[in-house]
Amino acid sequence: ISTLQLTGLDGADTMTGDLSVLAGGVTNLLVDGGEPSASGGVVADSLSLTVAGNARITQSGDFGSGTVDQAGAVTVDYTTLEALNIQSNTAGSTLTIRGTNGGDQIAITPVAGNNNQGRVWINDGTVMTFNTTTDANFGTAVLQGRFGDDHFSITPIVNVNITAEGNDPTASDTAVINAVADTEFEPTSS
């Protein structure tokens, strides 16, 4: 078996996958949350992933869709998810989160009351939360705007280094840093 598929139906669906223990030969996990059913600010369809080390999430231009790759041998393609939770088994891992091919609004902020846990929004797509267990192994978050006019809102997260890359075209990308005590900045041009 090279492909596994998880399919939710109507209503709230909670799915979990541990990519670090999937049987050899599985290279693709397809996840379909089913009909979106978030209402009143309550998240309905969610996927919780555990990866062995580093990972990259690419948000699609379609609502609730994207890809998780560079997480070992398995690529995850998801659709119609309101929430994606991701955790790494390896300390000091890097989580790269990429925007769409167009202009994006990208925000990263800590989750209240949870040291080292962060949440990322790209436009009105899937809400991504990382370091969702006490291990908090993602020590670096790299936000990549990719193409278009990208706008970043960054609030520092305890023990997580955050890098924002606007990419092409760079002249129109912006960043707002919501500084807190002991925040270090290292601006560079690209």
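1. Terms first. Helices (H or I, at least four residues) and strands (E, at least two) are DSSP runs, numbered from the N terminus. By that count the protein chain has zero helices and 16 strands.

2. Basis of the model. This is a predicted model, where local features need pLDDT of at least 70, side-chain atom pairs count only at pLDDT 80 or more, and totals for chains, interfaces and linings use all residues. Residues are numbered from 1 along each chain as its sequence is written, and side-chain values use heavy atoms, with hydrogens and water left out.

3. Overall dimensions. The radius of gyration is taken over C-alpha atoms, and the globule rule is 2.2 Å times the number of residues to the power 0.38. For 190 residues, a compact globule would come out near 16 Å; the protein chain has 16 Å, so the two agree. The C-alpha trace spans about 45 × 30 × 30 Å along its principal axes.

4. Burial and surface. Buried means under 20% relative accessible area, exposed means over 50%, and partly exposed lies in between (1.4 Å probe, protein chains only). Of the 190 residues in the protein chain, 44% count as buried. Accessible areas come from the Shrake-Rupley method with a 1.4 Å probe; for residues, only the protein chains shown count as cover. The protein chain exposes about 9300 Å². Carbon and sulfur atoms supply 49% of that area.

5. Contacts along the chain. Contact means heavy atoms within 4.5 Å. Take the contacts between residues at least 6 apart in sequence: 60% of them join residues at least 24 apart.

6. Charges. Lys and Arg count as positive, Asp and Glu as negative; His and the chain ends are not counted. The place of a charge is NZ of Lys, CZ of Arg, CG of Asp or CD of Glu. The protein chain has 4 positive and 21 negative charges. Their mean positions are 5 Å apart.

7. Aromatic pairing. Rings of Phe, Tyr and Trp (its six-membered ring) pair if their centres lie within 6.5 Å; planes under 30 degrees apart count as stacked, over 60 as edge-to-face and the rest as tilted. The count comes to one aromatic pair. Phe-130 and Phe-138 form it, edge-to-face, at 6.5 Å centre to centre and with 85 degrees between the planes. Phe-130 is buried because its relative accessibility is 1%. Phe-138 is buried too, at 0%.

8. Asn-131. This residue sits in the loop between strand 12 (127-130) and strand 13 (138-144). Asn-131 is not a glycine, yet its phi is positive, about 60 degrees. Most residues other than glycine have a negative phi. With 1% relative accessibility, Asn-131 counts as buried.

9. Arg-146. Here is another positive phi in a residue that is not a glycine, about 70 degrees. Arg-146 lies in the loop between strand 13 and strand 14 (151-154). Its relative accessibility is 16%, so Arg-146 counts as buried.

10. Asp-104. The loop between strand 9 (93-98) and strand 10 (105-111) holds Asp-104. Asp-104 is buried, with a relative accessible area of 1%. Leaving out residues up to four places away in sequence, Asp-104 touches Gly-99, Ile-122, Asn-123, Gly-145, Asp-149, Asp-150 and His-151. Asp-104 and Ile-122 are 18 residues apart along the chain, and their C-alpha atoms are separated by 6.5 Å.

11. Leu-30. Strand 3 (residues 28-32) contains Leu-30. Its relative accessible area is 27%, so Leu-30 is partly exposed. Not counting residues up to four places away in sequence, Leu-30 touches Thr-3, Leu-4, Gln-5, Leu-6 and Asp-77.

12. Glu-35. The loop between strand 3 and strand 4 (46-51) is the place of Glu-35. Its contacts, again without residues up to four places away in sequence, are Leu-9, Asp-10, Gly-11 and Asp-45. Asn-85 is 50 residues from Glu-35 along the chain, and 19 Å separates their C-alpha atoms.

13. Thr-170. Look in the loop between strand 15 (161-165) and strand 16 (174-177). Thr-170 is partly exposed, at 36% relative accessibility. The C-alpha atoms of Thr-170 and Asp-150 are separated by 8.6 Å, and the two residues are 20 apart along the chain.
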